[in-house]
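Please find below a colleague's note on the structure shown here.

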Amino acid sequence: MTCPFILAPGKAKAPKLQAVVDPRKSQVSAAGMKPVQVGLLVGFFWLLVVRCWAGETATAVVTLTAGYVTGITVTSGGSGYASEPIVTVSGGGGSGATAKAILSGDTVSAIVVLTAGSGYVSVPSVSINAPPEDLGLEVELVPKIKVRGLAGSAVIVQWSIDSSGPWTDWTNVTTLTGGVVLVDLAPDATTRFYRAIPKPSDPGTGGPPGFVWIPPGTFVMGSPPDEEGRWDAEVQHTVTLTQGFWLSDHEVTQEEYQAVTGSNPSNFKGDLNRPVERVSWDDAVLYCQKLTERERAAGRITAQQAYRLPTEAEWEYAARAGTTGARYGEVDAIAWWAGNSGSQTQPVRQKAANAWGLYDMLGNVWEWCSDLYGSYPSGSATDPMGPSSGSDRVYRGGCWFNFAGYVRSAVRYGLDPGGRNLYLGFRPALSSAR
Ligand SMILES: [Ca+2]
C-alpha cells in the first residue's frame, strides 16, 4: 500500500495517552546494581503515524444454474468506493463468466452478470476489488527513555506495569557518552514503568588464560556397583555445587611451576610442557598461594579471588562434564595411561579434552584435591568440602603408570600431604568472586 505522507490536520486524533510514566517513579536502581553506573530517564516522544484508512471491501455470492452463472447476490456492499470496482468470478471448474458492480453512493448495491460462462460444476467464488485508500493521521504519545551510565556498560532495560515489579526484560543496550535514547513503541507502553540494571557479566568469558568456566550444577558423584575397576569407596550420591568456578584446563606444567616457585622437582624432565610431578599437597597449596599473590599484584585477579586446589567434588564434576560412565571418552583418545604413555609423563593438552574443554583430567598425572580423604556422606550433599578430620589428602584421575581400571572419573585415593612421587601433580581452580 502506498500512501502520500502529508499532514491532514482535520483528521489528527487526540493523543491516546492513557497513563503517564512518572519519571520520579521510574526505577533508577535495583537490587544488586550500582546506581552510579546506570541512570534512566523517561520522557515522551511524539510519534506521528500516518495511516491509510481503507474502506470496507464488498462481498457477494454466485447463483449457479445448469453450469452457468445466472446471478450474483451482494452479501455486503462494503464502503468507500468512488467508482465501480472490478468483479472477478473464478473457480468452480468453468470459465467465461463476467459481471459488473453497480454503486449506490460509496457502496456496492448490486452486481449484474454480463456473460454466464459455461462448464461450472460447482459454485465459483466472486471477488470484488477493494475500495481505494483514504488518508489518515494518528498522533500517539510514546515513552522516550534515555539510559545513562558509564560509557560501555552493558545494561538490561526492563519494564513492568507496576513500579514494584515483576520486571520483564525489554532490551539490552551498551551505554554511550551522553546516554542512549530508546523509544518504546509497544501498544501499551504508556502504562509502563522502566528500570535499568547492569547486565550480569558472562562468566563463560574473561577468565584467566588456560582456565575454563565450570558452571554450578548437580551430578551423581561416585560409580555404579557394576563399573569395571570400581572400589567400594566410590559410593554414589548426589552432589550439588552452588558456585561456578574457573579450573585450569591442564595440569600445572613444569614451566608454570618453575615460573611461580623458582624450582622444578619433576622426575621426567626434557620438556617443560610436561606436568610437574613430585609435588606434595603442601607444595601444591603453596603454589596456589604464590600464584594468587602474583596475579593480584599484577591486577589480573581481584582481591576477592584466590587460586586454590579444587575440592574432590568439584574435580569429579568437572572431569565428568555431564558424562556418567567410567570415563568421558575412549581411554586412548583422552588419556595417557600404561597402555600408551611409554612409561612416562607426556606434555599436557595432547589428548582430547572433555566436553568442558579440560585436558588430561584422566591420566598423565594424578591430581591433588583439597579434601581430606574419607568416606562419602551417606546422602546427598551440597558444596561438600570432604571430612573434617583425617590424615591423607585426596588425589584423583589416574596416571601414565596405571592400567585403565584406575583411569576413571570416580577413582579416589589419599596420600599424606607431605608425600611426593612421580605419579602425582595438580591443577588449580580460581574462585569466581570478583
Ligand atoms: Ca591428570
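The points that follow move from the overall composition to individual strand residues, a helix and the nonpolar cores.

1. Overall composition. The model is a predicted one. The protein contains 23 strands and four helices. Of its 434 residues, 35% count as buried. Among contacts in the protein with a separation of 6 or more, 72% are between residues 24 or more positions apart.

2. A buried strand position. Ala99 belongs to strand β5, which spans residues 95-104. Is Ala99 buried or exposed? Ala99 is buried, because 23 other C-beta atoms lie within 10 Å, and the cut-off for burial is 20 or more. With neighbours within four places in sequence left aside, Ala99 is in contact with Ile72, Val87, Val89, Ile111, Val112, Val113 and Leu114. For Val87, the separation from Ala99 is twelve residues in sequence and 6.0 Å in space, C-alpha to C-alpha.

3. An exposed strand position. Thr75 is part of strand β3, residues 68-76. Thr75 has 10 other C-beta atoms within 10 Å and is therefore exposed, the limit for that class being 12 or fewer. Residues up to four places away in sequence not being counted, Thr75 touches Thr59, Ala60 and Val61.

4. Helix α1. Which residues of α1 (residues 254-261) are buried? They are Gln254, Glu256 and Tyr257. These residues are on the same side of α1, because they cover an arc of only 160 degrees around the axis. The cover over the buried residues of α1 includes α2 (281-297). Just after α1, Gly262 adopts a positive phi of about 85 degrees.

5. Nonpolar cores. In soluble globular proteins, nonpolar side chains tend to be buried together. In this model, the largest nonpolar core comprises 52 residues. Leu247, Ala284, Ala318 and Trp368 have the most contacts inside that core. Apart from residues up to four places away in sequence, Ala318 touches Ile214, Leu247, Pro310, Trp356, Leu358 and Met361. A second, separate core has 18 residues, including Ile72, Tyr81, Val89 and Ile111. Of these, Ile72, Val89 and Ile111 are also among the contacts of Ala99, the residue of strand β5 discussed in point 2.

Conventions
Residues are numbered from 1 along each chain as its sequence is written. This is a predicted model: local features need pLDDT of at least 70, side-chain atom pairs count only at pLDDT 80 or more; totals for chains, interfaces and linings use all residues. Helices (H or I, at least four residues) and strands (E, at least two) are DSSP runs, numbered from the N terminus. Two residues are in contact if their C-beta atoms, placed from the backbone, lie within 7 Å. The arc is that of the directions from the helix axis to the C-beta atoms. A nonpolar core is a set of buried Ala, Val, Leu, Ile, Met, Phe, Trp, Tyr and Cys residues joined through C-beta atoms within 7 Å.
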